[in-house]
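Welcome! Here is a short briefing to read alongside the sequence and the 3D view.

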Amino acid sequence: MAEVLVVTSGKGGVGKTTSTAALGAALAQTGRTVAVVDFDVGLRNLDLVMGAERRVVYDLINVANGDVRLQQALIRDKRIETMYLLAASQTRDKDALSEEGVRRVIGELRDRFDWVICDSPAGIERGATLAMRYADLAVVVTNPEVSSVRDSDRIIGLLDSKTIKAARGERMEKLLLLTRYDKVRAGRGDMLGIEDVLEILSIPLLGIVPESEEVLRASNLGAPVTMSNPTSAPARAYMDAARRLCGESIAMTIPSERQNLLSKLFGGRRAA
Amino acid sequence: MKIFELLSRRRSAPLARERLQILLTHERGATGQSGLIAVLREEILAVIARHVDVAPEKVDVRVQDGDELAVLEIDVEIPRAMARPRSPWERGGRAA
């Protein structure tokens, strides 16, 4: 039986898709079976970030509508064999996804995988509430910036009212993933600090992902950042977060880029 | 001049934090708890307004979620001069 996790934020562009891919890959790299599901109907991007954009034949809506079987739509990752992708539809409109269809798909995925990770669309409308509806826990992706924190607060309210867990009167587990964090600017007092965001949102911290050039580089390459450069700071942050999801207790640190003497001297970034 | 500007520039994060805290207190009241807090706030305001002149934005109703219990906090700010019952002969408006 899987844990169903929704990666959500309210605000767009804070790193939901990056985090879905990176956490999914990090979990799969530990040998667990993982399905990452793109709920952003009409604006799919998880396939692109994972480098599987040319392999999408069927998508979530096809499976939800019963047009094809789940196995026909799941795309196996070329690098980690325990990771699968279920893409969103690029052509259909967002109302094409039915709640009953989502319930069936999540139910089937739950039987086959250790982890099911749902990449939520931005916003607070139907797409976002469908992505969180059947989740067991939520990762709220937040940037240390006022509009992102405000929208996260709103999403936390939705998680406590619109999910099946909440409807049953159970407590929905919500974890904060702080992304694009800049230790230097926060230290100067020019960026909200970790404590500020934690105090305002009052949910437990899953991890801190530092601002890094490696994230853009990973999406350019079509690989989760944990695979494109496993020793980079964001990759280590995501791997630690994945291990915390699995129940390991790992000291909370903000990974920083390790620079060896040579790269310090020449200051250059080597090409891949 | 540049160094002076750099040194005198106020740190912006504390301001961000303060603005968020004020904003979210109100937004949580307006949107959270499936409207319960909004309803409570309206009704509490109506009851108080029957007896004391109070500005609507000075009534703050919120729920602090604890592990086992939630605490309902009602914070009403009234001007000192207004902290007396309104005379029954007054009609609407503020007491002069």
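**A strand and its partners**

In β5(A), A:Cys118 is the bridge partner of A:Val37. This is a predicted model, where local features need pLDDT of at least 70, side-chain atom pairs count only at pLDDT 80 or more, and totals for chains, interfaces and linings use all residues. Residues are numbered from 1 along each chain as its sequence is written, while chains are lettered from A and ligands numbered from 1 in the order in which they are written.

**Strand β2 of chain A**

- β2(A) runs parallel to strand β5 (residues 115–119) of chain A, and 5 bridges join them; strands pair if DSSP finds at least two bridges between them.
- β2(A) also pairs in the parallel sense with strand β4 (residues 83–86) of chain A, over 4 bridges.
- In β4(A), A:Val37 has A:Leu86 as its bridge partner.
- Strand β2 (residues 34–38) of chain A is largely enclosed by the rest of the structure, because 5 of its 5 residues are buried (20 or more other C-beta atoms within 10 Å of a residue's own, with C-beta atoms placed from the backbone).
- A:Ala35 and A:Val37 point one way from β2(A), and A:Val34, A:Val36 and A:Asp38 the other way.

**Chain B**

- Chain B has 3 helices and 2 strands, in the order α-α-α-β-β from the N terminus; these are DSSP runs, helices being H or I of at least four residues and strands E of at least two, numbered from the N terminus.
- Of its 96 residues, 5% count as buried.

**Where the chains touch**

- 15 residues of chain A are in contact with 14 of chain B (C-beta atoms, placed from the backbone, within 7 Å).
- α7(A) gives the most to the side of chain A that touches chain B, with 7 residues.

How values were computed: A residue is buried if 20 or more other C-beta atoms lie within 10 Å of its own, exposed if 12 or fewer, and partly exposed in between; C-beta atoms are placed from the backbone. Two residues are in contact if their C-beta atoms, placed from the backbone, lie within 7 Å.
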